[in-house]
Amino acid sequence: MFRRRGVREPVACCAPSGTDVPSDDTASTAEPSRPSIGRRSLLGSAIAGTGLVAAAAAGCAPSAEQTAGPLSTPLNPVLPTSNSQPRDTSLTLLGTSGGPQADYVRTGTSSVLTVEGQNYVVDCGRASVTQYINAGLEFRSLQALFITHLHADHLADYYNYFLCEGGEPNGEGDNLSGPLTVYGPGPAGALPPMPTPPVATIAPQNPTPGIKELTDRLNEGYAYSYNVFMRGIGTRDIESLQDIHEIVVPAVGATAANTAPSMAPFPIYEDDRVRVSAILVSHGAVFPSFAYRFDTAKGSVVFSGDTKYSENVVRLAQGADVLVHEVINLELIERFGHVTPALMTHLQDSHTTTSQVGQVATQAGVGQLVLTHLVPSNPRQIPDPVWHAQCSANFRGTVHVGNDMDRITWAPRRR
């Protein structure tokens, strides 16, 4: 069922600590069903006979010849014909690519935690709304959105949840059933220092809007479309569907110049299915930038957001069943080139490396590590087995290399 609708079948991940960890391919119970290009076929053609996996695992950059080759698989989309909304608790990876640029194979970072049949979206990268419906999920079952920080690659599809799903229902009568709750960062309060030579400042009258003003400005930008639809066909007032909350950070000395001081997790949201806590993380100059923990009757799931190695994430994720963590391979990025010194400095200051992410999972004592926001994201540059091998070195639990449309389940851990 999941394969036909473009969703990878559920992966039960609950290997005990200290056991041998299977590779990502053997741990998964289903092959991915790519709507355009067969990812496993692409991966096989990219690495067969070239030694790419061994070379990358050893830290050697593949040559142009090793990564070249035509894509001959015909485009043959596999789209859902009706919803297949889960009624239990599971994690669906809508998009697993890091960075705002559109790339092949993976779409922008976005995840859905389903708890007892209700959906909670964490980040809304490129194509999040399309991936949401391709995963068979119901908009009427969408309870809340949680935005980790206000970088474009985590926001690209945020407003589309209102713009596309706040209007008329689709062919199955599905759209937002009522106000959609959103939690995200408030205003940063200050920009980083002006570089030399100076650069332009967008909206200098208020250049650091938080999630509330960002939403209000987008409402104004689409005012004509909304006003015409409301007067012509009775479309709902979009502002009545927006329940926007800017997260208030406790008094721990956090500022745009001190973005993630050591702190304890703090509660931000609770309903009858889930309790959500947040903590500040260090993501370059971005402030505020959050990680989130969801505590449910079936265990705990933590989302790191974008962050360099963070003791705050270790603290937030203590004893969690699943840690969904970003990861970057800086060595491979350097070898492939196309990166300016300024961008490399940003990447080093903003992300967790393959050698560090396992340390975070081990120190937190989590049951499973799920890798997402992969940089680089294209398996022509770094295949999944390489991600798995490098990120497993410092963690004895289960490591799952995230791909779009993975649906992951887990058994609650014994406490």
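Q: What do the buried residues of α11 pack against in this predicted model?
A: The buried residues of α11 pack against β12 and α10 (330-336). Packing here rests on contact, that is, heavy atoms within 4.5 Å.

Q: Which residues of helix α11 are called buried?
A: Buried means under 20% relative accessible area. In α11, residues 341-350, Met344, Leu347 and Ser350 are buried, so each of these falls under that cut-off.

Q: Why are the buried residues of α11 said to line one face of the helix?
A: Seen down the axis of α11, the buried residues fall within an arc of 140°, so they line one face.

Q: What makes Pro341 and Ala342 exposed, and where on α11 are they?
A: Exposed means over 50% relative accessible area. Pro341 and Ala342 are exposed, on the other side of α11.

Q: How many cavities of 30 Å³ or more does the model have, and what makes a space a cavity?
A: A 1.4 Å probe fits in a cavity but cannot get out. By this rule there are two cavities of 30 Å³ or more. The largest cavity holds about 120 Å³ of space.

Q: Which residues lie closest to the centre of the largest cavity?
A: They are Thr109, Asp123, Phe303, Gly305 and Thr372, out of 15 lining residues. The elements that give two or more residues to this lining are β12 (322-328) and β13 (368-375). β12 gives the most, with three residues.

Q: What is the make-up of the lining of the largest cavity by class?
A: Three residues are nonpolar, nine are polar and three are charged. Gly counts among the polar residues.

Note on methods
Residues numbered from 1 in each chain as written. Predicted model: local features only at pLDDT ≥ 70, side-chain atom pairs only at ≥ 80, totals over all residues. Heavy atoms only, no water. 1 Å grid on protein atoms, 1.4 Å probe; cavity = no way out; pocket = protein on both sides within 12 Å on 5 of 7 lines; lining within 4 Å. Points joined across faces, edges and corners; volume = space filled by probe spheres on them. Helix = DSSP H or I, 4+ residues; strand = E, 2+ residues; numbered from the N terminus. Buried < 20%, exposed > 50% of the residue type's maximum accessible area, 1.4 Å probe, protein only. Arc of directions from axis to C-beta.
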